[in-house]
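Dear colleague,

Here is the structure I said I would pass on. My notes on it follow below.

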Amino acid sequence: MQQPEIRPVTPDDAEAAAWCHLLCWREAYAGLVPADLLGERTSNLERRIERWTTPLGEGRRRWIAVNPDPDAPVQDRVAGFVGIGPGRDEDAPVPFELEAIYTRQAFWKTGLGTRLLDVAVGKQPAFLWVFEGNEQALGFYRRHGFAPDGVGKHDPYFDLREIRLVRH
């Protein structure tokens with residue numbers, strides 16, 4: 001399998017990136033989030049495109065992984081993405097936050113997640129939030145040196161508990 005190219009996102013990528021975002025949520029959270037809620041929360045493509053076209057703000061950056069298939073339809077054009085920035089928590093354990101990292105299910109276990117993490121974060125200290133019970137993600141983060149710091153919160157969008165992981 002040819003590896004996707006990872007590059008900074010551009011405004012022209014908004015629709016494909018929005019599709020990737022929604023489909024990654026559907027794939028990653030199936031079985032964690034009740035199906036009706038997951039369907040509802042991942043159905044508004046226009047809102048997600050708007051989020052991908054809104055300027056990120058100081059210090060925040062996003063990269064996408066472009067599907068190597070030149071004939072991929074728009075909903076499959078982006079195979080994954082990563083977003084980083086200054087920590088948004090008042091009690092941030094380190095200054096740098098991994099805000100989001102996702103790959104489409106077809107690219108799980110291919111090394112794409114590691115490549116995205118390396119591009120955006122490298123080896124620097126960082127923290128992130130992950131849903132409790134998301135064993136696939138928790139395993140990925142553990143392999144990359146992240147561990148729970150004991151802080152948790154409720155995510156109202158998906159109605160799940162999140163835990164904070166930190167790599168010092």
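This is a predicted model: local features need pLDDT of at least 70, side-chain atom pairs count only at pLDDT 80 or more; totals for chains, interfaces and linings use all residues.

In helix α4 (residues 112–120), the buried residues are L112, G113, L116, L117 and A120. Viewed down the axis of α4, these buried residues fall within an arc of 140 degrees, so they line one face of the helix.

The buried residues of α4 pack against strands β1 (5–8), β2, β3 (78–86) and β4 (96–103), and against helix α5 (135–143). After α4 comes G122, with a positive phi near 65 degrees.

Helix α5 has A137, L138, G139, F140 and Y141 as its buried residues. These pack against β4, α4, β5 and β7. Just after α5, G145 also has a positive phi, about 90 degrees.

Strand β5 (residues 126–131) is mostly covered, with six of its six residues buried. In a regular strand the side chains alternate between the two faces of the sheet. In β5 both faces are covered: A126, L128 and V130 are buried on one side, and F127, W129 and F131 are buried on the other. β5 runs antiparallel to strand β7 (residues 160–167), and six bridges join the two. Within this pairing, F127 has V166 of β7 as its bridge partner.

Now the charged residues. The structure holds 11 salt bridges, and I picked out a few of them.

E40 and R41 meet through their side chains in a salt bridge, at 2.9 Å from N to O. R41 counts as partly exposed, because its relative accessibility is 23%.

R104 forms a salt bridge with D76, and their closest N and O atoms are 3.0 Å apart. This pair links distant parts of the chain: R104 is in the loop between β4 and α4, D76 is in the loop between β2 and β3, and the two are 28 residues apart. R104 counts as buried, at 12% relative accessibility, whereas D76 is partly exposed, at a relative accessible area of 28%.

R88 forms a salt bridge with E99, with the closest N and O atoms 4.0 Å apart. R88 lies in the loop between β3 and β4 and E99 lies in strand β4, so the pair ties together parts that are 11 residues apart in sequence. Both residues belong to a network of salt bridges that links R60, R88, E97 and E99.

Leaving aside residues up to four places away in sequence, R62 touches P8, V9, R51, W52, L56, V82 and G83.

Last, the record. An unreviewed UniProt entry carries the annotation "domain: N-acetyltransferase" for residues 4–167.

Regards

Technical notes: Residues are numbered from 1 along each chain as its sequence is written. Side-chain values use heavy atoms; hydrogens and water are left out. Contact means heavy atoms within 4.5 Å. Buried means under 20% relative accessible area, exposed over 50%, partly exposed in between (1.4 Å probe, protein chains only). Helices (H or I, at least four residues) and strands (E, at least two) are DSSP runs, numbered from the N terminus. Two strands pair if DSSP finds at least two bridges between them. UniProt positions are given in the numbering used here, feature names are shortened, and annotations may be inferred rather than shown by experiment. The arc is that of the directions from the helix axis to the C-beta atoms.
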